Amino acid sequence: MAIIVPLTCLSSGAAGLADDPKQPAQRLDIRTWLSEDEIRANPHLVITVTFSLTQSGMVEGTPEVKATGSDAAVLKKVTDRARKAVLDSAPYQLPPEKYDLWKNVELTFYTDPAK
């Protein structure tokens, strides 16, 4: 399953899959990884985070993060912060009856608001 998530989408939960809107999905908002100035200075960043979840909502293994659209220092920063955000947000509280839909997650973040 691929969930494409624009910059502003995650404050209400992982693409609307969460039962509890208070879940810590705010950590998955790119604006917590970079300052507003860094986002404006890197308008072509694309960060894709791929991970699998157990039925209890825990991250299985290490999230894979791919980032493009900036220099090596910025890409390393967002890669490290994205991976940490995914791990820190677990366990994800998602509907158990829809496990087949959310067991494999791909989130794509853009700094370009037009995406």
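Six salt bridges are counted in this structure, a salt bridge being a side-chain nitrogen of Lys or Arg within 4 Å of a carboxyl oxygen of Asp or Glu. The model is a predicted one, in which local features need pLDDT of at least 70 and side-chain atom pairs count only at pLDDT 80 or more, whereas totals for chains, interfaces and linings use all residues. Residues are numbered from 1 along each chain as its sequence is written, and side-chain values use heavy atoms, with hydrogens and water left out.

**Salt bridges of the helices**

Select R40 and D37. Their side chains form a salt bridge with an N to O distance of 2.5 Å. The two residues are three apart in helix α1 (residues 36-41), and therefore about one helical turn separates them. Helices here are DSSP runs of H or I with at least four residues, strands are runs of E with at least two, and both are numbered from the N terminus. Both R40 and D37 are exposed; that term means over 50% relative accessible area, while buried means under 20% and partly exposed lies in between (1.4 Å probe, protein chains only).

Next, select E38 and K77. The closest N and O atoms of this salt bridge are 2.4 Å apart. The pair joins distant parts of the chain, with E38 in helix α1 and K77 in helix α2 (residues 72-88), 39 residues apart. E38 is partly exposed at 22% relative accessibility, and K77 is also partly exposed, at 27%.

Continue to D88 and K84. Their side chains meet in a salt bridge at 2.4 Å, N to O. Both residues belong to helix α2 and are four residues apart, about one turn of the helix. D88 is partly exposed, its relative accessible area being 34%.

**Aromatic pairs**

The whole structure contains three aromatic pairs. Rings of Phe, Tyr and Trp (its six-membered ring) pair if their centres lie within 6.5 Å; planes under 30 degrees apart count as stacked, over 60 as edge-to-face and the rest as tilted.

Select W33 and F109. Their ring centres are 4.9 Å apart and their planes stand at 65°, so this pair is edge-to-face. Distant parts of the chain are linked here: W33 is in the loop between β1 (3-4) and α1, F109 is in strand β4, and 76 residues separate them. W33 is buried at 2% relative accessibility, and F109 is buried at 1%.

Then select Y99 and W102. This pair is edge-to-face because its ring planes are at 85°, with the centres 4.9 Å apart. Y99 and W102 both lie in helix α3 (residues 99-102), three residues apart, about one turn of the helix. Y99 is buried at 17% relative accessibility, as is W102 at 1%.

**The side chain of T111**

Select T111, which is found in the segment after β4 (104-110). T111 is buried, with 4% relative accessibility.

**A last stop at G61**

Finally, select G61 in strand β3 (residues 59-68). G61 is exposed, with a relative accessible area of 55%.
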